[in-house]
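Please read it alongside the sequence and coordinates.

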Amino acid sequence: MTLIELLLVIAIVLTLLCFALPSVTGITGASKLTKAGQLVGDQFQLARQYAVTKNQNIQVRIYKTHRTDEAADSYCATAIFQLPSDGSSPQILEPVAYLPSGIAIAQNDVLSSLLDQFEPTELDPKFGKNYRSLTFRPNGSVEIINAKSWLTIVKAHEIDVASLPKNYYTIKVVPANGIVKTFRP
């Protein structure tokens with residue numbers, strides 16, 4: 001094989017890689033969205049199970065925090081707490097779990113109506129972060145004002161868009177029984 005043939009093969013391989021790279025990037029972004037959606041959905045389902053088995057109110061907190069790789073604060077972490085009936089301090093059942101980098105929960109009421117129905121944003125003294133919370137009752141139901149009860153997980157740069165992006169993951173919580181349903185296009 002001559003040098004010219006070798007250079008020609010390298011040029012062809014590089015050209016093919018240029019065409020393949022956007023596909024690989026799209027796949028990894030979609031994979032991160034799926035992983036994040038499963039994480040949040042699993043946290044809700046686990047909190048519901050804790051509420052029923054422990055016969056206690058269980059709270060899922062969704063934290064708003066700033067990551068160094070993102071421009072603005074976003075809802076991108078969750079934790080599960082038991083709310084003791086005697087009014088004492090909540091006990092952590094599941095530690096803070098972060099969504100993959102570049103992924104967050106949409107912050108507007110069109111895509112994430114559930115955020116507006118959570119308790120008002122508070123500062124968690126233990127973690128020093130603002131959060132919104134959703135409480136699962138001992139019968140499995142949740143404290144939600146109306147049936148519009150979903151969260152949409154998107155890429156972090158799309159957290160303030162008013163319409164659904166091409167790629168997203170939606171989680172719906174049924175108020176009457178706390179069952180979690182997911183939708184992924």
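Of the 185 residues in the chain, 40% are buried, where buried means under 20% relative accessible area, exposed over 50%, and partly exposed in between (1.4 Å probe, protein chains only). This is a predicted model, in which local features need pLDDT of at least 70 and side-chain atom pairs count only at pLDDT 80 or more, while totals for chains, interfaces and linings use all residues. Residues are numbered from 1 along each chain as its sequence is written, and side-chain values use heavy atoms, with hydrogens and water left out.

The chain exposes about 10100 Å², and carbon and sulfur atoms supply 60% of that area (Shrake-Rupley method, 1.4 Å probe; for residues, only the protein chains shown count as cover). Among the contacts with a separation of 6 or more, 63% are between residues 24 or more positions apart; a contact means heavy atoms within 4.5 Å.

The chain has two helices and nine strands, in the order α-β-β-β-β-α-β-β-β-β-β. These elements are DSSP runs numbered from the N terminus (helices: H or I, at least four residues; strands: E, at least two).

Strand β1 is largely enclosed by the rest of the structure, because seven of its nine residues are buried. Its pairings are listed here; two strands pair if DSSP finds at least two bridges between them.

| Strand paired with β1 | Sense | Bridges |
|---|---|---|
| β2 (residues 74-83) | antiparallel | nine |
| β6 (residues 129-136) | antiparallel | seven |

Individual bridges include Gln59 with Phe81 in β2 and Lys64 with Asn130 in β6.

Arg61 lies in β1, which spans residues 57-65. With a relative accessibility of 7%, Arg61 counts as buried. Its side chain makes a polar contact of 2.7 Å with that of Gln59 (a pair of N or O atoms within 3.5 Å; within protein, one must be able to donate a hydrogen and the other to accept it, and residues adjacent in sequence count only if both atoms are side-chain atoms). Beyond its neighbours within four places in sequence, Arg61 contacts Ala77, Thr78, Ala79, Phe81, Pro90, Asp124, Tyr131, Arg132 and Ser133.

Helix α1 covers residues 3-54 and contains Leu6, which is partly exposed at 39% relative accessibility. Leu6 belongs to a nonpolar surface patch with Met1, Leu3, Leu7, Val9, Ile10, Val13, Leu14 and Leu17, together giving about 900 Å² of accessible area. Patch residues have over 30% relative accessible area and no salt bridge, with nonpolar side chains (Val, Leu, Ile, Met, Phe, Trp, Tyr) joined within 5 Å and like charges within 9 Å; a salt bridge is a side-chain nitrogen of Lys or Arg within 4 Å of a carboxyl oxygen of Asp or Glu.
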